[in-house]
Each structure stands twice: as C-alpha cells, then as structure tokens.
Amino acid sequence: MNRIPPAVVALTIVLLVASPDARSGDPGEDSDWTLDPLSYAIGNFSTFAEIVDIGLKKMALSQALPPAEMDQLEREVRKRAAEWDVEIHREPDFLVTDLFPMSATEGKDVLIIYQGDTLSEYQALKARKAEMVAVGSYDADPTARRELAWSLGKMLSYPDAKIEQLLAD
C-alpha cells in the first residue's frame with residue numbers, strides 16, 4: 001500500500017486552512033479557535049523543512065516578517081531545523097527579481113531553508129545581480145534579468161508554468 005508522505009499531508013492541510021483570515025489569527029466566523037501567528041509560522045516552517053529534507057524542494061522560504069517577529073520565529077525554528085536535517089539562513093535583504101514584487105520582502109527578513117551548497121548558489125545568484133546592477137545591465141538587458149528571475153524560481157523548485165505566471169504578473 002502506498003503511503004502519502006507526511007509533508008504532502010501537512011502541506012495539503014496548511015493550504016486548505018491557510019486563508020488570509022487564518023494567517024491573521026482569525027480562522028473564520030464558524031470557528032471557536034484562534035491560531036496565533038507564531039504557531040502558524042512555525043507550522044509553515046516545519047512543512048517546508050520536511051519538503052526540503054525529502055528532496056521535493058531544493059530551497060524554501062519562510063514567510064517574510066519584520067525583524068522583531070523574525071527573532072521569535074528564528075529562535076523556535078533553529079531548534080527544529082536539525083530534526084528535519086535542514087539548515088536555515090536568515091536573509092535580511094532577500095534577492096529581489098521580477099519573480100516577486102519588492103514589497104513582499106522590503107523591510108522584512110526571510111529564513112532560507114536549504115541543504116548542502118544551496119545557500120552558496122543563492123548567494124552567487126545575488127552577487128550576479130549586484131554585478132549586473134553595478135554595470136547597468138540589469139535594467140538594460142531584459143533577457144539577462146529574466147534569466148536571473150528564472151534561476152531563482154528553479155532554486156525554489158517551481159515548475160516552469162508557475163515561473164512564467166509569476167513573471168507575467
């Protein structure tokens with residue numbers, strides 16, 4: 001009998017209950033429970049950590065949070081990272097590409113969830129963008145700019161169709 005991996009079950013549950021109201025701690029009128037934002041963020045981290053650990057994603061991201069809130073989350077998830085055999089890197093200046101709007105992470109920190117040399121790959125991609133900006137090619141060369149965004153999407157293990165959709169938006 002085929003067993004559904006726990007990460008798939010957990011992600012399905014998160015996606016089913018993760019309405020905007022749930023993220024704010026108010027799961028809806030019909031509910032008699034509330035979900036505090038820290039517990040929600042820890043649950044998201046645990047799901048993505050397991051997905052990275054079993055190889056379904058090369059790299060995952062926590063939700064972007066203001067630094068004070070990230071301090072709390074980071075303290076809690078550092079304890080759990082080893083359980084999932086993943087590493088985390090706190091990124092206060094997440095790589096901005098055409099994949100996501102700048103407003104998604106501006107003034108916020110993100111935890112990069114990864115294994116192996118993925119962090120080095122991310123940092124090389126970030127350095128490549130900095131070089132492009134320094135010589136003026138980031139804004140002048142739409143093909144190179146798109147390639148950079150595409151590379152980030154692939155690091156996040158997004159399917160091609162999703163990357164295309166995000167770039168179109």
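Author: Buried means a relative accessible area under 20%. By that cut-off, 34% of the 169 residues of the protein count as buried. The model is a predicted one.

Reader: What makes up the protein, element by element?

Author: Eight helices and three strands. From the N terminus, the order is α-α-α-β-α-β-β-α-α-α-α.

Reader: Why is Ser46 called buried?

Author: Set its value against the cut-off. Ser46 has a relative accessible area of 19%. Buried means under 20%. Ser46 is therefore buried.

Reader: Where does Ser46 lie, and what is in contact with it?

Author: Ser46 belongs to helix α3, residues 37–53. Neighbours within four places in sequence are left aside here. Ser46 is then in contact with Arg80 and Trp84. Contact means heavy atoms within 4.5 Å.

Reader: How do you know which residues of α8 are on the same side?

Author: Start with the buried ones. Helix α8 spans residues 160–168, and Ile163, Leu166 and Leu167 are buried in it. These three cover an arc of only 100° around the axis, so they are on the same side of α8. An α-helix has 3.6 residues a turn, so residues three or four places apart point the same way.

Reader: What is on the other side of α8?

Author: Ala161 and Ala168, which are exposed. Exposed means over 50% relative accessible area.

Reader: What do the buried residues of α8 pack against?

Author: They pack against α7, residues 142–155.

Reader: What makes strand β3 mostly covered?

Author: The count does. β3 covers residues 110–114, and five of its five residues are buried. Val110, Ile112 and Tyr114 point one way. Leu111 and Ile113 point the other way. Both sets are buried. In a regular strand the side chains alternate between the two faces of the sheet.

Reader: How do you know that β1 and β3 pair?

Author: Count the bridges. Strands pair if there are at least two bridges between them. β1, residues 59–61, and β3 have three, so they pair, in the antiparallel sense. Ala60 has Ile113 of β3 as its bridge partner.

Reader: Why do β2 and β3 count as a pair too?

Author: Five bridges join strand β2, residues 87–91, to β3. At least two are needed, so β2 and β3 pair. The two run antiparallel. Ile88 stands opposite Ile113 in β3.

Reader: Which residues line the largest cavity?

Author: Ala41, Asn44, Phe45, Phe48, Leu61, Ser62, Gln63 and Ile113 do. Helix α3 gives the most, with four residues.

Reader: How do you know how many charged residues are in that lining?

Author: Check the names. Asp, Glu, Lys and Arg count as charged. The lining divides into five nonpolar, three polar and no charged.

Technical notes:
Residues numbered from 1 in each chain as written. Predicted model: local features only at pLDDT ≥ 70, side-chain atom pairs only at ≥ 80, totals over all residues. Heavy atoms only, no water. Buried < 20%, exposed > 50% of the residue type's maximum accessible area, 1.4 Å probe, protein only. Arc of directions from axis to C-beta. 1 Å grid on protein atoms, 1.4 Å probe; cavity = no way out; pocket = protein on both sides within 12 Å on 5 of 7 lines; lining within 4 Å.
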